Amino acid sequence: MTAVKCKKCGGTKQKGVCLICPMLAAATPPAAPAPAGWPKRSRALGAFARQVPELNARNKRLGINVSYESAGSPDSDAVDCIIPDRNERKKLLKAEGAHDRDGGYGD
Ligand SMILES: [Zn+2]
């Protein structure tokens, strides 16, 4: 009997069935999905890189848990705001003085 190699994992198949693949599948269960749509990246609630230290200080003072990340634009120092969940977004909108229209703003 000729050993047949599994195309997926390179392991040896016996009687056409791979012995390794089921073990690999069992060892790596799919990660639990994050809540839909979060974290959000908001350009509207973003800023410029030079403002980030000031914003971080304000956010810390107000207990707002968001972060800023480069918007990836080569000719500007714009940063996007990374908002982990609804609650942080609500606090941030309040701090920014923006009216929360329940999900319509900055998403
Ligand atoms: Zn396999």
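The protein contains 3 helices and 6 strands; helices (H or I, at least four residues) and strands (E, at least two) are DSSP runs, numbered from the N terminus. The model is predicted, so local features need pLDDT of at least 70 and side-chain atom pairs count only at pLDDT 80 or more, whereas totals for chains, interfaces and linings use all residues. Residues are numbered from 1 along each chain as its sequence is written. Read from the N terminus, the elements follow the order β-β-β-α-β-α-β-β-α.

An open, antiparallel sheet is formed by 3 strands in the order β1-β2-β3. Its edge strands, β1 (4–5) and β3 (17–18), each pair on one side only. Pairing here requires that DSSP find at least two bridges between two strands. Between β1 and β2 (residues 12–14), which run antiparallel, there are 2 bridges; Lys 5 has Thr 12 in β2 as its bridge partner.

Strands of a sheet pair through backbone hydrogen bonds, either parallel or antiparallel.

Turning to the protein as a whole, 14% of its 107 residues are buried, a term that applies if 20 or more other C-beta atoms, placed from the backbone, lie within 10 Å of the residue's own. Of the contacts with a separation of 6 or more, 46% involve residues 24 or more positions apart; a contact requires C-beta atoms, placed from the backbone, to lie within 7 Å.

Terms used. Buried ≥ 20, exposed ≤ 12 C-beta atoms within 10 Å, placed from the backbone. Contact = placed C-beta atoms within 7 Å.
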